[in-house]
Amino acid sequence: MVTCNNLLNNPNLKPIEQKGSFTVLEYQRDLSVSPSTSVNSYYMSEMGIRRKQVLAQLNETSIITQAGAMQWTTGSVGATTGIKGVGDFLGKALKGKATGESTIKPEYVGKGMLMLEPTYKYILLEDISEWGSGMVIEDGLFMACEGTVKQSVVAKNTFSSAAFGNEGLFNMVLRGNGIAVLESNVPREELILFDLSDDVLKIDGSMAIAWSDSLKFTVERSGKSLIGSAASGEGLVNVYRGTGKVLMSPVALTSSLMAAAH
């Protein structure tokens, strides 16, 4: 038996969201600072940029994580690669190469607790069953999911989607029932959720971080002609057609801004 002190009873560590197996814990103040970093840490805290960790409770269940995301486990929790033979390894290696994600995602099975590494990014707990046939996510968002969530790769609908949309050729898609943990550069309070019913959404730039697999994604000119596109001041836009959801960030945070928070 393991007794974990100064975790859930820590006044500086506040649970801010819970879904399924996962609880998001947020540090109210960053106490692990030096004189040279204390000023930045203070203003980051005042602006709501706080360190977070995700705690998973396993009850004879399984959790799949991004490679290197685990910080510690307690109880009878074992780790596997989730790979079932050479063919499965080659398939996952090709999927990892296509999406930019790690080939091997550890799967933790058993009964106990699993803590993920801390992050200054914002944590989104998503119920995959609410996304219909699947949730397509942009590179770098995946952090963990319950073992009931299946991962696969979906190709862009057209070559133009990859060539002109500043996108890769493939995206990771999450399917099934269960909760997925995503790392976002933008808090949920600023994310815009579009619910399309046999309609069209056009976005100038790669602002969508996730969308329903049921939607057709293409990249098109904003006007019917090149002259029309030039007159409108816009060029190519990302287009989502059909019935489903699109989760969009209203701003594009640069990687350098987020790196400064680490």
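Arg50 is partly exposed, at 23% relative accessibility. Its salt-bridge partner is Glu26, at 3.9 Å from N to O. Glu26 counts as buried, at 11% relative accessibility. The model is predicted. Its protein chain has a mean pLDDT of 84, and 78% of its residues reach 70 or more.

**Salt bridges**
- The structure holds five salt bridges.
- Glu26 sits in strand β2 (residues 22–27) and Arg50 in the loop between α1 and β3 (52–65), so their pair ties together parts 24 residues apart in sequence.
- Arg188 and Glu126 form a salt bridge through their side chains, at 2.9 Å from N to O.
- That pair links distant parts of the chain, 62 residues apart: Arg188 is in the loop between β11 (179–184) and β12 (192–203), and Glu126 is in strand β6 (residues 122–127).
- Arg188 is partly exposed at 35% relative accessible area, whereas Glu126 is buried at 7%.
- Asp213 and Arg175 also meet in a salt bridge, at 2.6 Å from N to O.
- Asp213 lies in the loop between β13 (208–212) and β14 (216–221) and Arg175 in strand β10 (residues 170–176), so this pair ties together parts 38 residues apart in sequence.
- Arg175 is partly exposed, with 29% relative accessible area.

**Cavity**
- The count is one cavity of 30 Å³ or more.
- The largest cavity holds about 70 Å³ of space.
- Its lining residues include Tyr27, Asp30, Met44, Arg50 and Tyr120.
- Helix α1 (residues 38–46) gives the most to this lining, with three residues.
- By class, the lining has four nonpolar, three polar and four charged residues.

Definitions and conventions: Residues are numbered from 1 along each chain as its sequence is written. This is a predicted model: local features need pLDDT of at least 70, side-chain atom pairs count only at pLDDT 80 or more; totals for chains, interfaces and linings use all residues. Side-chain values use heavy atoms; hydrogens and water are left out. On a 1 Å grid over the protein atoms alone, a cavity is a set of points where a 1.4 Å probe fits but cannot get out, and a pocket is an open set with protein on both sides within 12 Å along at least five of seven lines; lining residues have an atom within 4 Å of a point. Grid points are joined across faces, edges and corners, and a volume is the space filled by probe spheres set on the points. Helices (H or I, at least four residues) and strands (E, at least two) are DSSP runs, numbered from the N terminus. Ala, Val, Leu, Ile, Met, Phe, Trp, Tyr, Cys and Pro count as nonpolar, Asp, Glu, Lys and Arg as charged, and the others, Gly among them, as polar. pLDDT is the predictor's confidence in each residue, from 0 to 100. A salt bridge is a side-chain nitrogen of Lys or Arg within 4 Å of a carboxyl oxygen of Asp or Glu. Buried means under 20% relative accessible area, exposed over 50%, partly exposed in between (1.4 Å probe, protein chains only).
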